[in-house]
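Subject: Structure handover

Hello,

Here is the structure I promised you. Please open it first, then read my notes below with the model on your screen.

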Amino acid sequence: MMILYESLRLYPPIPTRTRRTNEETKLGELDLPKEALLFIPTILLHHDKEICGEDAEEFNPETFSEGVAKATKGQMTYFPFGAGP
């Protein structure tokens, strides 16, 4: 399973996705109006060294040896197929 997770991390089948807010939303320090279009660069999150470690560009299935939550430091940053609506 680790090889599959790592392959999907490096080469996500959906490298970017968009979402639209359906109400006014606060995201960190940003205030987003209703109907704001968000662009989520999945591939950049999956290759971010702060999230995935210094070897983020390398194939290393051991990253997932303790599960997805541990590999992403508990952040919702691994979603090769999306994460719902």
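Start with the charges. The protein chain carries 9 positive and 14 negative charges. Their mean positions lie 6 Å apart. Keep in mind throughout that this is a predicted model.

Next, the overall layout. The protein chain has 4 helices and 4 strands. The C-alpha trace spans about 40 × 25 × 20 Å along its principal axes.

Now the surface and the inside. The protein chain exposes about 6000 Å², and carbon and sulfur atoms supply 58% of that area. Of its 85 residues, 28% are buried. Take the contacts between residues at least 6 apart in sequence: 59% of these join residues at least 24 apart.

Then look at helix 1, which covers residues 2-10. Which of its residues are buried? They are Glu6, Leu8, Arg9 and Leu10. Part of what covers them is helix 2 (42-46) and helix 3 (49-52).

Glu6 deserves a stop of its own. The side chain of Glu6 makes a polar contact with the side chain of Arg9, at 2.8 Å. Set aside the neighbours within four places in sequence. Glu6 is then in contact with Glu58, Phe59, Asn60, Pro61, Thr63 and Phe64.

Last, the aromatic rings. A search of the whole structure finds 3 aromatic pairs. One of them joins Tyr5 and Tyr78. A pair of aromatic rings is described by the distance of the centres and the angle of the planes. For Tyr5 and Tyr78, the centres are 6.1 Å apart and the planes stand at 75 degrees. That pair is edge-to-face.

What does the pair tie together? Tyr5 lies in helix 1, and Tyr78 lies in the segment after helix 4 (68-71), so the pair ties together parts that are 73 residues apart in sequence. Tyr5 has 25% relative accessibility, so Tyr5 counts as partly exposed. Tyr78 has 12%, so Tyr78 counts as buried.

Tyr5, Phe64 and Tyr78 form one aromatic cluster. Phe64 is also among the contacts of Glu6.

Best wishes

Definitions and conventions:
Residues are numbered from 1 along each chain as its sequence is written. This is a predicted model: local features need pLDDT of at least 70, side-chain atom pairs count only at pLDDT 80 or more; totals for chains, interfaces and linings use all residues. Side-chain values use heavy atoms; hydrogens and water are left out. Helices (H or I, at least four residues) and strands (E, at least two) are DSSP runs, numbered from the N terminus. Buried means under 20% relative accessible area, exposed over 50%, partly exposed in between (1.4 Å probe, protein chains only). Contact means heavy atoms within 4.5 Å. Accessible areas come from the Shrake-Rupley method with a 1.4 Å probe; for residues, only the protein chains shown count as cover. Lys and Arg count as positive and Asp and Glu as negative; His and the chain ends are not counted. The place of a charge is taken as NZ of Lys, CZ of Arg, CG of Asp or CD of Glu. Rings of Phe, Tyr and Trp (its six-membered ring) pair if their centres lie within 6.5 Å; planes under 30 degrees apart count as stacked, over 60 as edge-to-face and the rest as tilted. A polar contact is a pair of N or O atoms within 3.5 Å; within protein, one must be able to donate a hydrogen and the other to accept it, and residues adjacent in sequence count only if both atoms are side-chain atoms.
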